[in-house]
Amino acid sequence: MDNTVVKPYADALAAQKAKLQGYVADGFGALAVPADAKALPVARKDFLTDSAVCFLVLGAIGIVIALVSRNMGVVMAAAAAILSGGYLYVKGKQAMRATAYANLSSGLYAGIEQVVDGTRSRWSAFMAGQNDSLRKAVVSSAADADAKVALIDKIGSTPDITVNLPEMQADLAAIAAKEDLGAYRAYIDKARSAVSAAVDTADGAQSAIYTALGKA
(Lines give C-alpha, C1' and ligand atoms only; values in the text may rest on other atoms or scores of the structure.)
Protein backbone atom coordinates (compact mmCIF):
# COMPACT_ATOMS: atom_id res chain seq x y z
CA MET A 1 0.00 0.00 0.00
CA ASP A 2 1.29 3.46 -0.86
CA ASN A 3 2.94 4.90 2.25
CA THR A 4 1.65 8.37 1.39
CA VAL A 5 -1.88 7.04 1.98
CA VAL A 6 -0.94 5.78 5.45
CA LYS A 7 1.07 8.83 6.56
CA PRO A 8 -1.90 11.10 7.39
CA TYR A 9 -3.27 8.37 9.66
CA ALA A 10 0.09 7.97 11.39
CA ASP A 11 0.26 11.74 11.91
CA ALA A 12 -3.27 11.81 13.33
CA LEU A 13 -2.32 8.94 15.65
CA ALA A 14 0.64 10.91 17.01
CA ALA A 15 -1.60 13.91 17.66
CA GLN A 16 -4.19 11.75 19.40
CA LYS A 17 -1.53 10.18 21.60
CA ALA A 18 -0.49 13.65 22.79
CA LYS A 19 -4.13 14.49 23.55
CA LEU A 20 -4.62 11.30 25.53
CA GLN A 21 -1.45 11.85 27.53
CA GLY A 22 -2.70 15.34 28.35
CA TYR A 23 -6.06 13.93 29.42
CA VAL A 24 -4.34 11.39 31.68
CA ALA A 25 -2.12 14.06 33.24
CA ASP A 26 -5.08 16.37 33.89
CA GLY A 27 -7.20 13.56 35.31
CA PHE A 28 -4.58 12.40 37.77
CA GLY A 29 -3.70 15.97 38.64
CA ALA A 30 -7.26 16.44 39.88
CA LEU A 31 -6.98 13.57 42.38
CA ALA A 32 -6.54 15.09 45.84
CA VAL A 33 -4.95 13.61 48.95
CA PRO A 34 -5.28 15.57 52.24
CA ALA A 35 -2.11 17.36 53.32
CA ASP A 36 -2.19 15.63 56.70
CA ALA A 37 -4.36 13.31 58.77
CA LYS A 38 -6.10 16.27 60.45
CA ALA A 39 -7.60 17.24 57.09
CA LEU A 40 -9.02 13.76 56.56
CA PRO A 41 -12.82 13.79 57.02
CA VAL A 42 -13.45 11.52 60.00
CA ALA A 43 -16.91 10.96 61.52
CA ARG A 44 -17.38 12.41 65.00
CA LYS A 45 -19.20 9.41 66.40
CA ASP A 46 -20.45 5.95 65.61
CA PHE A 47 -22.20 3.08 67.39
CA LEU A 48 -19.10 2.21 69.40
CA THR A 49 -18.47 5.74 70.65
CA ASP A 50 -22.17 6.16 71.47
CA SER A 51 -22.01 2.92 73.45
CA ALA A 52 -18.83 4.13 75.13
CA VAL A 53 -20.56 7.27 76.34
CA CYS A 54 -23.38 5.20 77.80
CA PHE A 55 -20.93 2.98 79.70
CA LEU A 56 -18.99 5.99 80.96
CA VAL A 57 -22.17 7.67 82.18
CA LEU A 58 -23.31 4.48 83.91
CA GLY A 59 -19.86 4.12 85.44
CA ALA A 60 -19.91 7.67 86.75
CA ILE A 61 -23.36 7.16 88.24
CA GLY A 62 -22.15 3.93 89.79
CA ILE A 63 -19.19 5.69 91.40
CA VAL A 64 -21.53 8.25 92.98
CA ILE A 65 -23.79 5.50 94.32
CA ALA A 66 -20.76 3.59 95.58
CA LEU A 67 -19.47 6.64 97.44
CA VAL A 68 -22.83 7.05 99.12
CA SER A 69 -23.50 3.39 99.86
CA ARG A 70 -19.89 2.28 100.28
CA ASN A 71 -20.83 -0.92 98.49
CA MET A 72 -17.75 -2.62 96.98
CA GLY A 73 -19.88 -4.54 94.52
CA VAL A 74 -21.17 -1.28 93.09
CA VAL A 75 -17.62 0.09 93.00
CA MET A 76 -16.40 -2.87 90.98
CA ALA A 77 -19.37 -2.70 88.60
CA ALA A 78 -18.82 1.03 88.09
CA ALA A 79 -15.11 0.53 87.45
CA ALA A 80 -15.89 -2.21 84.91
CA ALA A 81 -18.35 0.09 83.15
CA ILE A 82 -15.78 2.88 82.97
CA LEU A 83 -13.09 0.54 81.62
CA SER A 84 -15.52 -0.85 79.05
CA GLY A 85 -16.52 2.66 78.03
CA GLY A 86 -12.90 3.67 77.57
CA TYR A 87 -12.16 0.56 75.50
CA LEU A 88 -15.19 1.09 73.27
CA TYR A 89 -14.32 4.75 72.80
CA VAL A 90 -10.79 3.93 71.62
CA LYS A 91 -12.06 1.19 69.31
CA GLY A 92 -14.74 3.51 67.95
CA LYS A 93 -12.16 6.16 67.12
CA GLN A 94 -9.99 3.55 65.41
CA ALA A 95 -12.94 2.26 63.39
CA MET A 96 -13.93 5.76 62.26
CA ARG A 97 -10.36 6.53 61.22
CA ALA A 98 -10.16 3.24 59.30
CA THR A 99 -13.43 4.10 57.55
CA ALA A 100 -12.09 7.52 56.59
CA TYR A 101 -9.03 5.95 54.95
CA ALA A 102 -11.18 3.33 53.24
CA ASN A 103 -13.38 6.12 51.86
CA LEU A 104 -10.29 7.96 50.63
CA SER A 105 -9.14 4.83 48.80
CA SER A 106 -12.59 4.37 47.28
CA GLY A 107 -12.68 7.99 46.11
CA LEU A 108 -9.22 7.82 44.57
CA TYR A 109 -10.03 4.54 42.84
CA ALA A 110 -13.23 6.04 41.41
CA GLY A 111 -11.15 8.92 40.05
CA ILE A 112 -8.57 6.59 38.52
CA GLU A 113 -11.31 4.42 37.02
CA GLN A 114 -12.91 7.51 35.47
CA VAL A 115 -9.61 8.56 33.89
CA VAL A 116 -8.97 5.06 32.54
CA ASP A 117 -12.50 4.72 31.16
CA GLY A 118 -12.28 8.16 29.58
CA THR A 119 -8.93 7.34 28.01
CA ARG A 120 -10.19 4.05 26.63
CA SER A 121 -13.38 5.56 25.22
CA ARG A 122 -11.46 8.38 23.52
CA TRP A 123 -9.00 5.90 22.05
CA SER A 124 -11.76 3.59 20.83
CA ALA A 125 -13.76 6.42 19.23
CA PHE A 126 -10.66 7.83 17.53
CA MET A 127 -9.50 4.46 16.21
CA ALA A 128 -12.99 3.59 14.96
CA GLY A 129 -12.93 6.71 12.80
CA GLN A 130 -9.38 6.07 11.66
CA ASN A 131 -10.08 2.46 10.75
CA ASP A 132 -13.30 3.23 8.91
CA SER A 133 -11.59 5.89 6.79
CA LEU A 134 -8.55 3.71 6.13
CA ARG A 135 -10.70 0.75 5.06
CA LYS A 136 -12.41 2.98 2.51
CA ALA A 137 -9.00 4.05 1.23
CA VAL A 138 -7.98 0.40 0.84
CA VAL A 139 -11.18 -0.49 -0.99
CA SER A 140 -10.68 2.36 -3.45
CA SER A 141 -6.98 1.57 -3.95
CA ALA A 142 -5.48 -0.19 -6.98
CA ALA A 143 -4.55 -3.31 -4.98
CA ASP A 144 -6.00 -6.64 -6.06
CA ALA A 145 -8.83 -8.27 -4.13
CA ASP A 146 -6.65 -10.63 -2.07
CA ALA A 147 -4.31 -7.80 -1.07
CA LYS A 148 -7.25 -5.65 -0.03
CA VAL A 149 -8.59 -8.40 2.22
CA ALA A 150 -5.17 -8.80 3.86
CA LEU A 151 -4.84 -5.06 4.38
CA ILE A 152 -8.32 -4.74 5.90
CA ASP A 153 -7.53 -7.63 8.28
CA LYS A 154 -4.46 -5.73 9.49
CA ILE A 155 -6.50 -2.58 9.99
CA GLY A 156 -8.94 -4.51 12.17
CA SER A 157 -6.26 -5.56 14.67
CA THR A 158 -6.38 -2.30 16.64
CA PRO A 159 -4.88 -2.79 20.14
CA ASP A 160 -6.70 -1.88 23.34
CA ILE A 161 -5.45 0.35 26.15
CA THR A 162 -4.93 -2.20 28.90
CA VAL A 163 -4.87 -1.17 32.57
CA ASN A 164 -5.24 -3.57 35.52
CA LEU A 165 -7.91 -1.72 37.49
CA PRO A 166 -8.65 -4.57 39.95
CA GLU A 167 -4.98 -4.57 40.95
CA MET A 168 -5.07 -0.81 41.51
CA GLN A 169 -8.18 -1.16 43.65
CA ALA A 170 -6.46 -3.83 45.77
CA ASP A 171 -3.35 -1.67 46.10
CA LEU A 172 -5.38 1.27 47.36
CA ALA A 173 -7.19 -0.95 49.86
CA ALA A 174 -3.81 -2.10 51.18
CA ILE A 175 -2.67 1.52 51.55
CA ALA A 176 -5.87 2.31 53.49
CA ALA A 177 -4.94 -0.41 55.98
CA LYS A 178 -1.55 1.29 56.51
CA GLU A 179 -3.20 4.71 57.03
CA ASP A 180 -0.29 6.42 55.24
CA LEU A 181 -1.15 9.58 53.29
CA GLY A 182 2.35 9.74 51.80
CA ALA A 183 1.82 6.28 50.32
CA TYR A 184 -1.31 7.55 48.58
CA ARG A 185 0.60 10.36 46.90
CA ALA A 186 3.33 7.98 45.76
CA TYR A 187 0.72 5.55 44.43
CA ILE A 188 -1.07 8.20 42.41
CA ASP A 189 2.22 8.92 40.63
CA LYS A 190 2.71 5.18 40.08
CA ALA A 191 -0.82 4.75 38.71
CA ARG A 192 -0.41 7.77 36.44
CA SER A 193 2.76 6.26 35.01
CA ALA A 194 0.99 2.93 34.46
CA VAL A 195 -1.89 4.50 32.55
CA SER A 196 0.50 6.68 30.54
CA ALA A 197 2.55 3.60 29.68
CA ALA A 198 -0.62 1.79 28.57
CA VAL A 199 -1.30 4.64 26.13
CA ASP A 200 2.27 4.42 24.85
CA THR A 201 1.95 0.66 24.37
CA ALA A 202 -1.30 0.90 22.40
CA ASP A 203 0.10 3.74 20.31
CA GLY A 204 3.28 1.78 19.59
CA ALA A 205 1.30 -1.28 18.50
CA GLN A 206 -0.91 0.83 16.26
CA SER A 207 2.09 2.63 14.79
CA ALA A 208 3.56 -0.78 13.93
CA ILE A 209 0.36 -1.64 12.08
CA TYR A 210 0.62 1.55 10.03
CA THR A 211 4.26 0.82 9.26
CA ALA A 212 3.31 -2.67 8.06
CA LEU A 213 0.52 -1.27 5.92
CA GLY A 214 2.93 1.19 4.30
CA LYS A 215 5.22 -1.67 3.33
CA ALA A 216 2.48 -4.02 2.11
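Modeller: A charge sits over a ring if NZ of Lys or CZ of Arg is within 6 Å of the ring centre and within 35 degrees of the ring normal. Keep in mind that this is a predicted model.

Biologist: What makes Arg122 a charge over the face of Tyr23?

Modeller: Arg122 lies at 4.0 Å from the ring centre of Tyr23. The cut-off is 6 Å. Arg122 is therefore placed over the face of Tyr23.

Biologist: How many aromatic pairs does the structure hold?

Modeller: There is 1 aromatic pair.

Biologist: Why is the pair of Tyr101 and Tyr184 called stacked?

Modeller: The ring centres are 6.5 Å apart and the planes meet at 10 degrees. Pairing needs centres within 6.5 Å, and stacking needs planes under 30 degrees apart. So Tyr101 and Tyr184 are stacked. The pair links distant parts of the chain: Tyr101 belongs to helix α3 (residues 72-139) and Tyr184 to helix α6 (residues 181-215), 83 residues apart.

Biologist: Why does Glu179 count as partly exposed?

Modeller: Its relative accessibility is 27%. Glu179 lies in the loop between α5 (165-178) and α6.

Biologist: What is the phi of Glu179 near?

Modeller: Phi of Glu179 is near 55 degrees, a positive value in a residue other than glycine. Most residues other than glycine have a negative phi.

Key. Residues numbered from 1 in each chain as written. Predicted model: local features only at pLDDT ≥ 70, side-chain atom pairs only at ≥ 80, totals over all residues. Heavy atoms only, no water. Phe/Tyr/Trp six-rings, centres within 6.5 Å; stacked < 30°, edge-to-face > 60°. Helix = DSSP H or I, 4+ residues; strand = E, 2+ residues; numbered from the N terminus. Buried < 20%, exposed > 50% of the residue type's maximum accessible area, 1.4 Å probe, protein only.
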